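Let's walk through this structure together, one group of residues at a time. Keep the sequence and the 3D view open as you read.

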Amino acid sequence: MARTKSARKRKPAGQSWPRRILRWSIRGAIAFIAGSLLWVLIYKFVPPPVTFTMLGNAIDGRGITKDWMSLSRMDPDMARAAIGGEDWNFCSHHGFDFKAIQQAMAENADGGRIRGGSTISQQTAKNAFLWQGGGYFRKGLEAWFTVLIELIWGKQRIMEVYLNIAETGIGTYGANAAAIRYFKHDASRLTATEAARIAAVLPLPKKREATAPTGFTRRHGNRIAGRIGVVQRSGFDRCLR
């Protein structure tokens, strides 16, 4: 009789696995949310010491050259060049520019030059917290971190981090390190042309040089230089003032 009662109380092992999986999934989700929130909060005040992109390039023998400069010290034309070259709607969107994404998808489908629709906020999230490359999983994480930095950092901090950790040459990161490398002075004294040339390097930093650029890099840099005044006069940089 005792054996029968014991058998009734004892549940088959298979029935506990769904609950265990659910319990560990909830714990993992809570840990991820809490960890990512803390990570983003720390980077609101502390410059990212290193990124996965930097580490990957260092492993490949490219080294890491960076020199942090606050946005307030950096020549404002550098941020304007980034907006004019990468993200016209930086100050008006909340991390995602859906119109730009749709336009990029349409152009890519038509067989034109492959381009992305990522905003500066998305690129900053990727550069600061994730790795390069595509894939839906990484894109999902990028979206999550984009939402967090928009909510916690604000536009000025996003631009500041972007202009300090974006790859601007082989083994070179940030506008200030780029200015020293290419123009032999820091980013507080950039001319509009110099800022535009650095911005023109950003999409393909391993293949483009800001010093005496040729071909597409030169043309693109000239276009960005012409946009800097438009960005300023039209207030596309209003969130940074």
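**Charged pairs along the helices**

Arg 138 and Glu 142 form a salt bridge, with their closest N and O atoms 2.2 Å apart. A salt bridge here is a side-chain nitrogen of Lys or Arg within 4 Å of a carboxyl oxygen of Asp or Glu. Before going further, please note that this is a predicted model, in which local features need pLDDT of at least 70 and side-chain atom pairs count only at pLDDT 80 or more, while totals for chains, interfaces and linings use all residues. Residues are numbered from 1 along each chain as its sequence is written, and side-chain values use heavy atoms, with hydrogens and water left out.

Why can Arg 138 and Glu 142 be found about one helical turn apart? Because they are four residues apart in helix α7, which covers residues 136–152. Helices are DSSP runs of H or I with at least four residues, strands are runs of E with at least two, and both are numbered from the N terminus. Arg 138 has a relative accessible area of 5%, so this residue is buried. Glu 142, at 2% relative accessibility, counts as buried too. The cut-offs are these: buried means under 20% relative accessible area, exposed over 50%, and partly exposed in between, using a 1.4 Å probe and protein chains only.

Glu 142 also meets the side chain of Lys 139 in a salt bridge, at 3.7 Å from N to O. Glu 142 and Lys 139 are three residues apart in helix α7, so about one helical turn separates them. Lys 139 counts as partly exposed, because its relative accessibility is 37%.

Now move along to helix α8, residues 155–165, where Glu 160 and Arg 157 are three residues apart and so are separated by about one helical turn. Their side chains meet in a salt bridge of 2.7 Å, N to O, and both residues are buried. Elsewhere, salt bridges that share partners join Asp 77, Arg 80, Asp 237 and Arg 241 into one network. How many salt bridges does a search of the whole structure find? The count is nine. As background, side chains of opposite charge can pair when their charged atoms come close.

**Rings and their neighbours**

Next come the aromatic residues. A search of the whole structure finds 11 aromatic pairs. Rings of Phe, Tyr and Trp (its six-membered ring) pair if their centres lie within 6.5 Å; planes under 30 degrees apart count as stacked, over 60 as edge-to-face and the rest as tilted. Phe 32 and Trp 144 form a tilted pair, 6.2 Å centre to centre with 40 degrees between the planes. Phe 32 lies in helix α2 (residues 17–45) and Trp 144 in helix α7, so the pair ties together parts that are 112 residues apart in sequence. Phe 32 is partly exposed, with a relative accessible area of 36%, and Trp 144 is also partly exposed, at 28%. Trp 39, Tyr 43, Phe 129, Phe 145 and Trp 153 form one aromatic cluster.

Thr 124 lies in helix α6, residues 120–129, and counts as buried at 1% relative accessibility.

Arg 20 lies over the face of Trp 17, at 5.0 Å from the ring centre, and the charged end of Lys 155 sits over the ring of Phe 90, 4.6 Å from its centre. To count, NZ of Lys or CZ of Arg must be within 6 Å of the ring centre and within 35 degrees of the ring normal.

**A disulfide and a loop**

Which cysteines does a disulfide join? They are Cys 91 and Cys 239, with 2.0 Å from S to S; the rule asks for a pair of cysteine sulfur atoms within 2.5 Å. The pair links distant parts of the chain, 148 residues apart: Cys 91 is in the loop between α4 (76–86) and α5 (98–109), and Cys 239 in the segment after α11 (215–234). The torsion about the S-S bond is about -65 degrees, so the disulfide is left-handed. Cys 91 counts as buried, at 15% relative accessibility.

Finally, look at Lys 184, in the loop between α9 (175–183) and α10 (192–201). Lys 184 has a positive phi of about 65 degrees although it is not a glycine. At 68% relative accessibility, Lys 184 counts as exposed.
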